Amino acid sequence: MGNEAIARGAIAAGVRVACGYPGTPSTEVLETAAKCRREDMYVEWSVNEKTAMELAGGAAMCGARTLVTMKQMGLNVAADPLMCLAYLGVKGGLVVLVADDPGPISSQTEQDSRHFAAFAKVPCLDPSTAQEAYDMVFRAFELSEEYRTPVILRTTTRVSHGYASILVRDEAEYERHDAEGFVRDPRRWVIFPGLSRMNHEKMEIRNRELRDRFSRDPLNLSLEGSLSRGVACGGFSYTYVMESRRDNPSLPVLKISTPHPFPDALAAEFLRGKEEVLCVEELDPVIEENLIRVCGQWGLKTRILGKGSGHMPLAGENSRDQVSRAISLFLGKEQTADALPDLPPLPVRPPVLCAGCPHRASFYAVKQAMKGKKCIFCGDIGCYTLGNAQPLDMVDTCLCMGAGLGIAQAVNHLEPDTNCFAFVGDSTFFASAIPGVVNAVYNQADMTLVILDNSTTAMTGHQPHPGTGCTAMGQAVDKVDMEKVLRAIGVEDVRVLDPLDLETAVENVRELAEGKGVRAVIFRSPCVALFRSARKVRVDADKCIGCRKCIREIGCPALSFDGKHAVTDGQCNGCGLCVNLCPVKAISGGMEHA
Amino acid sequence: MRNLILCGVGGQGTVLASRLISDAAMHRGIPVMSAETIGMAQRGGSVFSHVRLGEGLYSPMIAPGEADLILGFEPGETVRMLPYLRRGGQVVVSTLGVMPVTASLSSQAYRPEEMVDFLRSHVEHLCTVDAEKALRETGSPRVLNLILLGAALRAGALGLEEEDMVEAICRRIPPKYQEMNIQALKWAKV
């Protein structure tokens, strides 16, 4: 996997500190670093990306080669320390691995971290394959140390999650880089306006130098061809372009692996004499706009086509056939396609909460408790965003990590008669919800916080967090007790409940909703993907009257209707939520709750 | 060059199956590229893996009309991927449907048998696997992926030997589950 290749590359490059916060499609980098770490390495899942970036900055100040990982949204969280680190600089190599998500497949935005690199004025490397990702890690560390700047290694989902056989270094060739340790130098490590002014100019001069250097660097590639039209591309789209080039071997191709600083001279040389160049890239038109700029600066007459000219889609992921069609059209070639049979209507399969997921029970309990009352249910980022699906339909808003609290608070201030609920997962609580709780308590909000505590970071594949009692390196440690945290902030009514005990859960939520100030319920029940139960429920076909209440109310994927009766399948984890619902007691079995 | 598509519903084990194929091929010295659905869609959504084996690959993604084999874990999902099959390509499919929650909720029924019929009338080289029977006989609901891999092996669709796959299982799967998975691999007798 591309992500594993990056971690192995970092280890071979002598990385000493690796940290990050989970986020698809970046997660496996740090997981692999933790699993394969050498003795002298420190690896941690930080509480969020900002903390991770600050830790990484500190490690790099000490001269340690450092890797910090996150998804593109995470870079927003870590923007503050990254922007300042870009000005302050580093001593040990600092590589910031950011995984972008064209599509988006598992993200809220389609933001482009190549732009972020330009914004932060730091170099950015953009691999197109797992092998390139592996090789670029070494280059990124070298560049970072040579120019004393963080370097962004930016991937996209298909590079991060693509598998490939690659060539790696033998362990005998692994590098060792001893960290000198922190050397006191306030003129270097304390950011002040005067220092920033001076360093700003240095960064701009350095980036100009890098433009020229990258123009001569084999990372960027100019493939000649006899045609007067060419294609410019970068990242994963390069692989699509090269697949299409099999049919068009005389097509000139410019591959940009250093989107920032952009290799102007190389690009100008490629553009010279070409009538038109089509830009094939995902997310923002970064290469496209740079080429337009180069045309202006170098006085070139080439027409630059791409997203801006309507030749390429403005959003979403590229695909093999779409790129091949665009190139054929660009080259004026006829497209021949086999006629395909019309497909019959296919089932829609939106992602759903797993069978037996405790979040389903938590949402259902709140829904039952608040039936008929004016409410807003503010959701957050995690598996529990899936609580929006029918029939639960329990997510009214979802913005970004931790935002549910602020939104619930705002609605409370504007509409005091609305029962305001904020749902947040355990990992998200530690990552970004605590300041929101402090804010709501101090500013006299009247709302209910619902913490869905399944004791893991489930959506990204079960990473530990401060509530789990385990670190990335497998050390057993004291948990940070979220109940105590809430009480210390000033939340007086905090109730810890088992969501699968439906009756008690409903009763408590009802009472809480009547309360004042910020009150909280912690629904605690482990993720079913971690603790599978052998107990399953049974539907008694003689008793079942086929009313479908169990199916209509909770939308469990293990329950379906065979035309006459409800039936369960192998997915059942025996949570027993449906047992509570059946009006004729036709469902039995599952777990028992006190 | 050999292009394989594995498809099904999140949770059925397509990811492990594609990794076993990749692992087995790599140990035979065949270059591999693959891409999988990871993330939110794994929670019951439509999932696919593209696996490409051979020299001279640029992209792990397979273009429509290019797949030599579709290994279908679910009939409807297999029909969804049909545009990827090349002319004369093979389909190995489990006949056991997975009901989407959306179909259970609405009056719109989903009938997997109709999907299997569609495949029968449109795919020349089709091999159906009675997964219900297989799961009953192997006694585990979680080995559908190995049963299908076994069927694909015996249909000659992977270009690999059973021995390659058994070795991959021993490298990739914890010892206490190996025997169960090897049994499942050997279940289908085409």
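**Cysteines and salt bridges in the predicted model**

Arg52(B) is buried, with a relative accessible area of 0% (buried means under 20%, exposed over 50% and partly exposed in between, with a 1.4 Å probe and protein chains only). The side chain of Arg52(B) forms a salt bridge with Glu66(B), 3.5 Å from N to O (a salt bridge is a side-chain nitrogen of Lys or Arg within 4 Å of a carboxyl oxygen of Asp or Glu). This pair joins distant parts of the chain, 14 residues apart, with Arg52(B) in strand β3 and Glu66(B) in the loop between β3 (46-53) and β4 (67-72) of chain B (strands are DSSP runs of E, at least two residues, and helices runs of H or I, at least four, numbered from the N terminus). Glu66(B) is partly exposed at 22%.

The model is predicted, and local features need pLDDT of at least 70, side-chain atom pairs pLDDT 80 or more, while totals for chains, interfaces and linings use all residues. Residues are numbered from 1 along each chain as written, chains are lettered from A and ligands numbered from 1 in written order, and side-chain values use heavy atoms, without hydrogens and water.

Over all chains, 50 salt bridges are counted. In chain A, Arg246(A) pairs with Glu243(A) at 3.1 Å; Arg246(A) is partly exposed at 39%, whereas Glu243(A) is buried at 6%.

Zero disulfides are found over all chains (a disulfide is a pair of cysteine sulfur atoms within 2.5 Å). The sulfur of Cys550(A) lies 6.5 Å from the closest cysteine sulfur, in Cys547(A), too far for a bond.
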